[in-house]
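Hi everyone, thanks for coming. Have a look at the structure on the screen, and let's walk through it together.

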Amino acid sequence: MEKIIISGFGGQGILFVGKLLAYTGMVTDRNVSWIPSYGPEMRGGTANCSVIISEKGITSPIVTECTTLIAFNEPSIEKFSPMIVKGGSLLYDASLIKVEKPVSIHYEWNAIPTLPIIDHLGLAKSLNMIMLGAFIETSSNITLDDVKKGLIEMIGEKRPDLIENNMKAIQEGYNWRKWVLTNA
């Protein structure tokens, strides 16, 4: 069972990532829940969502502790990192968030520098997909093929360009994270 919290500012694609993960779980015949939470201002305010993907039934959609936190701003790390389980994972956008790794933590600390990857890709609005790709590389339950199926289900066949660009960004995030692991 994966319990994921995705958090940042409205307009960063937080809810899109969560919804895509939920679709991915559904098209791969798993049980899912997706709960969005955002302020009334939408763009620029705080936004977060929780996603559960499980092979078994989900008894409660409420996430009080998570296996992964994907953070797009510093307040998200402060608010949600205490909810990460022992052995869990934090992924954060190191291009936007300047924080020091705490001396003592019980979870994996992953800094993802999205801006150089965005520059390499030439896709300005792909920050959220890069972070998703890095997450998929850390997940033992979700593959790139699974996410592509979820993306096609969510967006449909009407926008093949959107699917192609999102998959490029997801692949780059995945590759970057894999490169870091093999060169660490």
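A quick word on naming: helices (H or I, at least four residues) and strands (E, at least two) are DSSP runs, numbered from the N terminus.

Before we go on, some housekeeping. This is a predicted model, where local features need pLDDT of at least 70 and side-chain atom pairs count only at pLDDT 80 or more, while totals for chains, interfaces and linings use all residues. Residues are numbered from 1 along each chain as its sequence is written, and side-chain values use heavy atoms, with hydrogens and water left out.

Back to Leu115. Is Leu115 buried or exposed, or something in between? Its relative accessibility is 39%, so Leu115 counts as partly exposed. Buried means under 20% relative accessible area, exposed means over 50%, and partly exposed is in between, with a 1.4 Å probe and protein chains only. Leu115 is 19 residues from Leu96 in sequence, and their C-alpha atoms are 8.5 Å apart in space.

Compare Ser81, in the loop between α2 (74-80) and β5 (84-93). Ser81 has 12% relative accessibility, so it counts as buried. What does Ser81 touch, if we skip residues up to four places away in sequence? Leu69, Ser76 and Tyr107. Contact here means heavy atoms within 4.5 Å.

Now the inside. In soluble globular proteins, nonpolar side chains tend to be buried together. We call such a set a nonpolar core: buried Ala, Val, Leu, Ile, Met, Phe, Trp, Tyr and Cys residues joined through side-chain atoms within 4.5 Å. The largest one here has 36 residues, and Ile6, Leu20, Leu21, Leu132, Phe135, Ile136 and Ile170 have the most contacts inside it. Elements giving two or more residues to this core include β1 (2-9), α1 (14-27), α4 (127-138) and α6 (160-183). Which element gives the most? That's α4, with 8 residues. Apart from this core lies another, of 16 residues, among them Val63, Leu69, Ala71 and Met83.

Let's zoom in on Leu20. Beyond its neighbours within four places in sequence, Leu20 is in contact with Met129, Leu132, Val147, Gly150, Leu151, Met154 and Ile170.

Next, helix pairs. Two packed helices are described by the angle between their axes and the distance between the axes. Axes are lines fitted to C-alpha atoms, for helices over the stretch in contact, and angles run from 0 to 180 degrees between N-to-C directions.

Take α1 and α5: their angle is about 105°, with axes 8 Å apart. So α1 and α5 are roughly perpendicular. As for the cut-offs, under 35 degrees is roughly parallel, over 145 roughly antiparallel, 65 to 115 roughly perpendicular, and the rest oblique.

What about α1 and α4? Their axes come within 9 Å and cross at roughly 40°, so this pair is oblique. Phe16, Val17, Leu20 and Leu21 of α1 meet Asn128, Met129, Leu132 and Phe135 of α4.

Last pair: α3 and α6 pack at about 130°, with axes 11 Å apart, which makes α3 oblique to α6. On the α3 side we have Ile117, His120 and Leu121, and they meet Lys168, Ala169, Glu172 and Trp176 in α6.

That's my tour, happy to take questions!
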